[in-house]
Amino acid sequence: MVFPPHSLGPEQRGRLLDAERKGVPFIAYRDESGDLRLETLRDAERLTIGRGEHNEIALDWDPEVSRTHAQLELVGDEWTLVDDGLSRNGSFVNGERTAGRRRLVDGDVVLVGRTALAFRAPGPVMKTTVSRDPAASVRLTEAQRRVLVALCRPLLAPEGGSAPAGNRAIAAELHLSLDGVKTHVRALFEKLGIEELPQYHKRVELARRAIDLGLVTQHDLG
């Protein structure tokens, strides 16, 4: 899930629950301050996502989002994500890059730039569709998952570290070679759609996306 229960305060959990109870499709995401934002899809058939102010979902704080990045479009009674090449860095659904149009299912997580957008359709629109965990669509080997947990460990630890673990620390914890850790990390960059980001913030973004998607939780630290 894009918002693990421990990551939301009581007020944010209440707002999310109220939106789900209304049974109307909506988009949930965090702004640059980490505050929860909800965009209801009740009265629209098409919304644009991008960094420019003209977009219905304007992510002006995210430098990896194009001015006009992608569209959400209602086709019949189902919402789709459309990215026809307008975006520089691409759009991803559950870790898979989208080319053209892709139908969205309740619980899908759309990644544009650094921002994760959770698509929720709790009402009749998706009534006959079985919801799935978006993290299940990001297929990791056991070794990749162990490296990802080690990388995220400082951020989820009780003392609240501010940076993910480095390759040498991961190698020491897992008794792997440094080259082996680097190989796994490069594969994780690709699977979570981060390979095109600048090198200096790839690791931070990898950890953030892994936690937001629920791929790594505090339970894994044990």
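**View 1. Glu64 touches His69, Asn89, Gly113, Arg114, Leu197, Pro198 and His201, leaving aside residues up to four places away in sequence.** A contact here means heavy atoms within 4.5 Å. The model is predicted: local features need pLDDT of at least 70 and side-chain atom pairs count only at pLDDT 80 or more, while totals for chains, interfaces and linings use all residues. Residues are numbered from 1 along each chain as its sequence is written, and side-chain values use heavy atoms, with hydrogens and water left out. Glu64 sits in the loop between β4 (57-58) and β5 (70-75); helices (H or I, at least four residues) and strands (E, at least two) are DSSP runs, numbered from the N terminus. Glu64 is buried and has no salt bridge, and Arg114, the nearest side chain of opposite charge, is 4.0 Å away. Buried means under 20% relative accessible area, exposed over 50%, and partly exposed in between (1.4 Å probe, protein chains only). A salt bridge is a side-chain nitrogen of Lys or Arg within 4 Å of a carboxyl oxygen of Asp or Glu. For charge, Lys and Arg count as positive and Asp and Glu as negative; His and the chain ends are not counted.

**View 2. The whole chain has five helices and eleven strands.** Of its 222 residues, 50% count as buried. Among the chain's contacts with a separation of 6 or more, 47% are between residues 24 or more positions apart. The accessible surface comes to about 11,100 Å², and carbon and sulfur atoms make up 49% of this area. Accessible areas come from the Shrake-Rupley method with a 1.4 Å probe; for residues, only the protein chains shown count as cover.

**View 3. Arg120 forms salt bridges with Glu20 and Asp106.** The count for the chain is 13 salt bridges. In the pair with Glu20, the closest N and O atoms are 2.6 Å apart. Arg120 lies in strand β11 (residues 115-120) and Glu20 in helix α1 (residues 10-22), so this pair ties together parts that are 100 residues apart in sequence. Glu20 is partly exposed, with a relative accessible area of 26%. In the pair with Asp106, the closest N and O atoms are 2.6 Å apart. Asp106 is in the loop between β9 (100-103) and β10, so its pairing with Arg120 in β11 ties together parts that are 14 residues apart in sequence. Both Arg120 and Asp106 are buried.

**View 4. Helix α5 (residues 202-212) is largely enclosed by the rest of the structure, because eight of its eleven residues are buried.** The buried residues are Lys202, Glu205, Leu206, Ala207, Arg209, Ala210, Ile211 and Asp212. Their cover includes β10 (109-112), α2 (142-156) and α4 (178-191). A network of salt bridges links Glu205, Arg208, Arg209 and Asp212. An α-helix has 3.6 residues a turn, so residues three or four places apart point the same way. Gly214 follows α5 and has a positive phi, near 80 degrees.

View 5. Asn94 lies in the loop between β7 (91-93) and β8 (96-98) and is buried, with a relative accessible area of 1%. His175 is in the loop between α3 (167-174) and α4 and is exposed, with a relative accessible area of 71%. Glu96 and Arg102 meet in a salt bridge through their side chains (3.3 Å, N to O). Glu96 is partly exposed, with a relative accessible area of 37%.

**View 6. Glu32, Asp35, Glu53 and Asp60 form a patch of negative charge on the surface.** Patches are made of residues with over 30% relative accessible area and no salt bridge; like charges are joined within 9 Å, and nonpolar side chains (Val, Leu, Ile, Met, Phe, Trp, Tyr) within 5 Å. The place of a charge is taken as NZ of Lys, CZ of Arg, CG of Asp or CD of Glu. Asp35 lies in the loop between β1 (26-30) and β2 (36-40) and is partly exposed, with a relative accessible area of 42%. Tyr29 is in strand β1 and is buried, with a relative accessible area of 4%. Tyr29 and Val110 are 81 residues apart in sequence, and their C-alpha atoms are 9.8 Å apart in space.
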